[in-house]
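Please look through the sequence and the 3D structure shown here, and keep both at hand while reading the briefing that follows.

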Amino acid sequence: MTAPTTSSGSAETTGVPGAAAAVPSTAAAQPVTQPRKPPRALRLRDFPGIAPIAIFGVVFLYVPILITTIYAFNDGDSALIWKGFSVRWFGEVAQNANLLSSVWVSLQIAVVATIVATVFSILFALSVERLRAKGSAIATAILTAPLVIPEIVLAVATLGFIRMIGLPPGMTALMLAHTSFCIPFALMPIRARLRSLGTTYFEAATDLGANTWQMFRRITLPLLVPGIISGAILAFVISLDDFIISNFLSASGATPLPVFLFSLIRRGASPAVNVIATMLLVLAIVVTLITFWQSQRRSKQHA
Amino acid sequence: MSLHLGTGTAPEAPTVRDDRTGVNLVPLATKRKKQPKVPGRFPWIAVIPALIVAALFTIGPLVIIVIFSFMSRPPTGGGIIYEFTLEPYVNFLFQSDFLGNTAFDPRYLSVFGDSLWQAAVTTIVCLILAFPIALWIATRPEKKQNLLVMLITVPFWTNLLVRTYAWMLILNDNGIVNTGAAAFGLPQMDLLYTPMASQLGLIYTFLPFMVLPIYASLAGFDFRLAEAAYDLGARKSTVIRRIILPLATPGIISGILLVFMPAFGSYVQPVLLGGGKVLLIGNLIASQFGDSRNWPFGAALSVITLVLLMVALIAIALYSRKSGKKVEISL
């Protein structure tokens, strides 16, 4: 029963040294064969020994998640003993009430945290320059602190904090904490976009008599849209993926998806976990494609 | 992914290239002496909402954790009593027995040592793998570069639990490695729930965090420089050492920060892959707020961790000032 999968699995792993060995030989043969006549500069860009390690690294990144994906389509009741192809577990997972409620909890938190963090970030980005240089640096440092604090420390600290102010663990605490650590992720692309715009548009608008509100509605906001989209996507995914902080702030009835997934994983490998893992992988691919497509479109607009 | 540090590219020229990674490498607080007054901005009051949220849920907890670390624990259960004591910090280094004798106790120091070791190994292995990957991607044709960066970005965006769980499947007693070994008649190996598994999981989960910043610092590289070096008789190894490595240094430094700091405080990998056998500072802190419920001691451990990381950050800041290479904390 296990034979087909082990052969495919070992084929993938043995493919690594095989591919790695093939690369230097083609690189060596390149000056002679020149299949698509690479320009001279390109050959100068090749460094010996780099390609095998790089290809190994990329394969190393993908083999584990691909194995998880393959086993999500296992028909058997065990996570690892292959009993044939089936989408049965996708159906079973889709009917798991606890899972569905955790997805719903995660989505609610992520939507609230994304909207609040993005709006506050826009306000902050458009006003922080009005502070003196030192004040602006301090304000920015306060907002970006979650990026440099180890997550586990921030998690237990937040637990202590909500206990002290008398806020019970649950949805409100989760939404507030998520908003807080989403702000730096939402803020960064917005500020970068604002900085790249320069001053000319805004000076022109003033010269033509726009007031602050008109300027915001008609000039600033439309120009900021790419940064806002990037920031909102970042914030949304960061919130959806967060486990450590959520783990300390969740309560019964307010269990986000990663916390639920962790409790499943701790019970051991299972086909249901494989399916959820595959869905989260698909989410990552979708997010990558969206951000990528967006930046491509943007660079085309600039060109 | 709690930590995002980037290298400071010039703020006047934020390259569109960086955007492809989904990580912008534009410095946050640029030290401009005089901020140009741009019309149409909001009054300074508008910074308040974001600052209130941050003050409540970032600065507030940090202040509280420092306070907690100097407080007593209640006789039973979790939580704290507001009575000043240095006991949590004393407990970190010394152990008292029933007779009241205190003796030096290296247990917790060795947990810090183990965490430091696993984080250091993770950082070094990631660097050894990531530099060739980043250089290789940066030397591909433009179209291929985009695709490869996407390939690195997908694991970057994949949930940490999923990436860790994948190794549980592989290292399991019935996993790929063991079934493969059995096919060759090798005895079964205990791979999962070992320090090795935890280490492997750390390397795997943090590799993209090292590749992306190094790639970002190499992406705009003008290869005419390398060409000039070849014309002047440099060998490939010399070009890597004298031209490419210095160029990649800001990316390498931010990669080291991005990998080392979260690896040092890691929680998921030692718990899921190390089982009960790997005790790192991250799960030690977590357990103080869970099962054994000594909150003040957990708070003291958190403060010690924060201080250590702050020292590391300051050291890097000093290094970057000395070497004239700008490394700023940003996304």
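Helix α10 of chain A, residues 212-241, contains 30 residues, yet its end C-alpha atoms are only 37 Å apart, short of the 44 Å that a straight helix would reach at 1.5 Å a residue; the expected span is 1.5 Å times one less than the number of residues. Helices (H or I, at least four residues) and strands (E, at least two) are DSSP runs, numbered from the N terminus. This is a predicted model, in which local features need pLDDT of at least 70 and side-chain atom pairs count only at pLDDT 80 or more, while totals for chains, interfaces and linings use all residues. Residues are numbered from 1 along each chain as its sequence is written, and chains are lettered from A and ligands numbered from 1 in the order in which they are written.

**Bent helices in chain A**

- α10(A) bends by about 55° at A:Val225, and the proline A:Pro226 follows within four residues; the bend at a residue is the angle between axes fitted to the seven residues ending there and the seven starting there.
- Helix α6 of chain A, residues 133-148, has 16 residues that should span 22 Å at 1.5 Å a residue, and its end C-alpha atoms are 22 Å apart, which agrees.
- Even so, α6(A) has a kink of about 40° at A:Ile142, shortly before the proline A:Pro146.
- Buried residues of α6(A) include A:Ser136, A:Ala139, A:Thr140 and A:Pro146, where buried means that 20 or more other C-beta atoms, placed from the backbone, lie within 10 Å of the residue's own, exposed means 12 or fewer, and partly exposed lies in between.
- Among the elements that cover the buried residues of α6(A) are α7 and α8 of chain A together with α1 of chain B.

- Chain A has 13 helices and 0 strands, whereas chain B has 12 helices and 6 strands.
- Buried residues make up 43% of the 303 residues in chain A, and 48% of the 331 residues of chain B count as buried.
- Among contacts between residues at least 6 apart in sequence, 77% in chain A join residues at least 24 apart, and in chain B the share is 69%; two residues are in contact if their C-beta atoms, placed from the backbone, lie within 7 Å.

**Where chain B meets chain A**

- In chain B, 103 residues are in contact with 105 residues of chain A.
- Helix α1 of chain B, residues 48-68, gives the largest share of the side of chain B that touches chain A, namely 15 residues.
- That side of chain B divides into 71 nonpolar, 24 polar and 8 charged residues, with Ala, Val, Leu, Ile, Met, Phe, Trp, Tyr, Cys and Pro counted as nonpolar, Asp, Glu, Lys and Arg as charged, and the others, Gly among them, as polar.

**A helix pair in chain B**

- The axes of α3(B), residues 107-138, and α9(B), residues 236-264, come within 9 Å and cross at roughly 145°; axes are lines fitted to C-alpha atoms, for helices over the stretch in contact, and angles run from 0 to 180 degrees between N-to-C directions.
- The residues of the contact of α3(B) with α9(B) divide into 15 nonpolar, 5 polar and no charged.
- B:Leu127, found in helix α3 of chain B, is partly exposed, with 16 other C-beta atoms within 10 Å.
- Not counting residues up to four places away in sequence, B:Leu127 touches B:Met210, B:Ile252 and B:Gly255.
- The C-alpha atoms of B:Leu127 and B:Val211, which are 84 residues apart along the chain, are separated by 8.1 Å.
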